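Dear colleague,

I am handing over the structure we spoke about, and below it I have set out what was found in it. Please read the notes alongside the coordinates.

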Amino acid sequence: MDAVQETDSTVSSAIALCLRDRWAEAAELLAENDSWRAESAVSALLGELFGGLAELWNGRPARFGVNLTERERWPLRTVPRHRDEQITSYVSALLVLGERARAEKLLSDEDFPESGLRDSERSMLAAMRGQPARAIDFARRAVADRSPRGYDIGSAAMYLSTVSVLLSQGRPAEARELLASARATAPTLAHLLDIAEARVDIAAGETDRAARRLHAATRGLAVGTDIAWADLAELALRRNDRAAAKQALDALETLATAMPTGRVLLHRHLVRACLGEEPAGECLWLARERDQPLELAVVTERLARHNR
């Protein structure tokens, strides 16, 4: 976002922390000194946007939710470039959360064309819609395009979703190659790359290494850890370690209380069902309601593996 240089020092410092994946520190900095709200419209815009994201990534979605629903209050909403960068940022955040329907609704409500999104966001949308070729193509374009297009908060999530698509097609070598490119870009939310690498490890039979990566991915930001905990529960069940699977479920229960997004709830129901703690019906209903074909395929396969 080229508007960063127009902000006060507090907001600039907070954004610098975000770029280094130090989101909790950024949230604390913005909360301790909120003079940025009155500094300028650009400071108010970016301070509120990044403050909401910082809290969201740390498992506190309330502020993000309010900012998303009360869009008429967005600073500089009448200025096209500022309106557009806020729309794309919120769409990207929703896609990182796995909230395809909410992202599509935002685009529709704002009459914002998908062509105005970054390639990373279009890749995630395609993956969630069950369009693997488009998802991979947009991801490759995102990797190749080094021109500045604002602050891309969704790139790590794009790499994770694209790796999952490639693995579903039996293409682990391409998945590893994509991850190598991803590491070179040093994206934020880098723990999502650890989850992606763990999935490549699982495909290669390196389950112990995968488990280490997944555990590491749960020790920082909250966003995306539902995927890690669900994968850890699956690995535990494959080796008949119900205690470890139950620990993963306990973590999902805690996460669902704080951050009850559709994907978090789906993973909680999935692990419950695989453990035999509830019927599979609720999990299958939610997966079908979310209408994400690859996600549904994973849910169906895991339930069948554990005779649910």
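Asp 250 is partly exposed, with a relative accessible area of 37%, where buried means under 20%, exposed over 50% and partly exposed in between (1.4 Å probe, protein chains only). The side chain of Asp 250 meets that of Lys 246 in a salt bridge, at 2.8 Å from N to O, the term standing for a side-chain nitrogen of Lys or Arg within 4 Å of a carboxyl oxygen of Asp or Glu. Lys 246 counts as partly exposed at 32% relative accessibility, and both residues lie in helix H15 (residues 242–258), four residues apart, about one turn of the helix. Helices here are DSSP runs (H or I, at least four residues), numbered from the N terminus.

Before going further, please note that this is a predicted model, in which local features need pLDDT of at least 70 and side-chain atom pairs count only at pLDDT 80 or more, while totals for chains, interfaces and linings use all residues. Residues are numbered from 1 along each chain as its sequence is written, and side-chain values use heavy atoms, with hydrogens and water left out.

A search of the whole structure finds 42 salt bridges. Arg 141 forms one with Asp 119, with the closest N and O atoms 3.6 Å apart; this pair links distant parts of the chain, since Arg 141 is in helix H9 (residues 132–144) and Asp 119 in helix H8 (residues 119–128), 22 residues apart. Arg 141 is partly exposed at 40% relative accessible area, whereas Asp 119 is buried at 11%. Arg 141 also forms a salt bridge with Asp 137, the closest N and O atoms being 4.0 Å apart, and these two residues both lie in H9, four residues apart, about one turn of the helix. Asp 137 is partly exposed, at 40% relative accessibility. Elsewhere, a network of salt bridges links Arg 71, Arg 77, Arg 83, Asp 84, Lys 105, Asp 109 and Glu 110.

Helix H8 also holds Glu 121, which is buried with a relative accessible area of 0%. Leaving aside residues up to four places away in sequence, Glu 121 touches Thr 88, Ser 92, Leu 95 and Asp 152, a contact being heavy atoms within 4.5 Å.

As for the cysteines, the structure holds zero disulfides, a disulfide being a pair of cysteine sulfur atoms within 2.5 Å. Cys 283 is in no disulfide, and the nearest cysteine sulfur, that of Cys 274, is 7.1 Å away. Cys 283 is buried at 0% relative accessibility, and Cys 18 is likewise buried at 0%.

Finally, the largest pocket is lined by 37 residues, of which Ser 164, Arg 199, Ile 227, Leu 294 and Val 298 lie nearest its centre. A pocket is an open set of points on a 1 Å grid over the protein atoms alone, where a 1.4 Å probe fits, with protein on both sides within 12 Å along at least five of seven lines, and lining residues have an atom within 4 Å of a point. Helices that each supply at least two residues of this lining include H6 (80–96), H8 and H10 (155–168), while the largest share, eight residues, comes from H18.

With best wishes
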